[in-house]
Amino acid sequence: MAVAQGQCPNCGAPMSFGAGASASQVCKFCRTVVVRTDRDWKNLGKAADLANTPSTLAVGDRGSFKGKTFEVLGRVQLDYGRGPWDEFYVQFNDGQIGWLAEAQGNLYATQKVNDAIALPPPQSLGVDMPVNLGRYGMFKVVERRNARMLTAEGELPYTPSAQRFYADCHGAGGAFATLDYNDGTKPPEIFVGMIVPLGEVKLNPRGGERPGAQKAALTELTCQNCGGKLPAPKPGVERVACRHCNTISDSNTMQVLARQNAARQRPVIPLGAEGNLGGTQYINIGYVERSAVVEGEQFFWQEYLLWSKTAGFRWLMLDEGNWLFVNPISAADVQCNEYQAMWHGRTFQLRNRNDARVEYVLGEFYWKVEVGETVAATDFIAGNDVLSREKTTDEITWSYCTPVAFAQIAHAFGVNPAAMATGFAYNPTPGYAGGDGGGGGAGGGMMTVGIIICVVLCVICIAANSDGSGGGGYSSGRRRQLVRRLRR
Ligand SMILES: [Zn+2]
Ligand SMILES: [Zn+2]
């Protein structure tokens, strides 16, 4: 229901505001930014065109999650230098306003809080820093950035400004908060809410443009470099690396962004393979080769990006012949110092610390992946379980990783156990070229050996790591780290 009605001061089209908290609106006919004051409606000039983004939400949509219903009133497009992303301005059923953003297969839903809480000055905020949000609890900064506001659509709770400094924070039990310092000319605002898997969000789409959803409805994409056909990307996918020619493209425009060399290894789990792990049905949509330099030597490992309609994105990692299932966890639940990390009453000891670099990608990715991107990675271990931290100046992620027997993965994804022969033969010497499918050449004879090695290593792994110091399994030799993906 409209709280104010009038006309666009530029084109005269009827215009109405749906929320009392809305201060401005972009005219849907002429894209003029209109600011509402007590006295009049002002013309602030044209808003820039909207960029194509993979959002499943659109202005005008209604939806619900965890018993809350919302209506999408507006959207802003922001960028910190790696391409635009969307945040959606919403009104909830209790009249409160807030924001929704999609990332990593989740909805980050927050609602404005009006408590008088003193926030640290923006320049003092670093990742992993604790922030006390009073009755909402303790949070930890997981991302802080200065972003440019590119353009907007629909209603907004403020007059659009060029800059926005913000800090996203994790709280206990899936809580999430954004500290919005805007352009520094107004007092900061606090938004508190939760992280909801997209699969738990019910959407009643009424909105206009939804490029991401349109894309998802397509059956396939065409690589603009080689003309090869690629599967339709999953919701939230930002980048596609062509399985035919290795080029990396924007998933919406299919513009070629980068080329890369062939893979060093062949994926053990083929792209597109589907399987059930722990009761959840996943599809393998992405493959990553990463490396770290340890004592002057470069080491490589593989990672697989899984997507599930209900759970969103998860990772499987293959490191020195051992498979780990990677779960994202809240930074607020981890207490750590240089040598130890505590999580849910368990203590994990420092195992390794190094820089992890993306060497090669294939398939679909929910962030703007680039070959060469590097994070500072630290692993803490307790028995066979790993607590992994990945950090840059602006972002931090924590993951809890548990071993999975290859037999279970092979069974779930219908993988020939011989595939692990290449996994185990993984040769860390630079220059190894296994990307042409040559692994299959060793297949026949190696198959039995592969199975035996696999079983033996699983046993060793279980037996050797109970004290955490480990002589076998993945604690042998050099240690890598895991990957979690940065948010945008
Ligand atoms: Zn207009
Ligand atoms: Zn191609």
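**Entry 1: a buried cysteine**

I began with C242, which counts as buried because its relative accessibility is 1%. For my own reference, buried means under 20% relative accessible area, exposed means over 50%, and partly exposed is in between (1.4 Å probe, protein chains only). By that scale C226 is partly exposed, at 36%.

**Entry 2: ground rules**

I noted that this is a predicted model, where local features need pLDDT of at least 70 and side-chain atom pairs count only at pLDDT 80 or more, while totals for chains, interfaces and linings use all residues. Residues are numbered from 1 along each chain as its sequence is written, chains are lettered from A and ligands numbered from 1 in the order in which they are written, and side-chain values use heavy atoms, with hydrogens and water left out.

**Entry 3: zinc ion (ligand 2)**

Next I looked up what holds this zinc: its protein donors are C223 (SG), C226 (SG), C242 (SG) and C245 (SG), 2.2 to 2.3 Å away. Donors are N, O and S atoms within 2.8 Å of the metal (3.2 Å for Na, K and Ca); water is not among the atoms, so sites may look incomplete. The angles at the zinc ion (ligand 2) run from 106 to 112°, so the arrangement is tetrahedral. I wrote down the rule: four donors are tetrahedral if all angles lie between 85 and 135 degrees; four are square planar and six octahedral if opposite donors are over 155 degrees apart and all others between 65 and 115; anything else is irregular.

**Entry 4: zinc ion (ligand 1)**

Here I found C8 (SG), C11 (SG), C27 (SG) and C30 (SG) as protein donors, at 2.2 to 2.3 Å. Along the chain their spacing reads C-x2-C-x15-C-x2-C. With angles of 106 to 114°, the arrangement around the zinc ion (ligand 1) is tetrahedral. I also checked burial: C27 is buried at 2%, whereas C11 is partly exposed at 37%.

**Entry 5: a glycine**

I then visited G275, which is buried with a relative accessible area of 1%. Leaving out residues up to four places away in sequence, G275 touches T280, Q281, Y282, A412 and F413; a contact means heavy atoms within 4.5 Å. The C-alpha atoms of G275 and A410 are 9.0 Å apart, although 135 residues separate them along the chain.

**Entry 6: how confident is the model?**

I finished with pLDDT, the predictor's confidence in each residue, from 0 to 100. The chain has a mean of 84, and 83% of its residues reach 70 or more. Over residues 422-488 the pLDDT is below 50, and this stretch has 160 contacts in the model beyond near neighbours in sequence.
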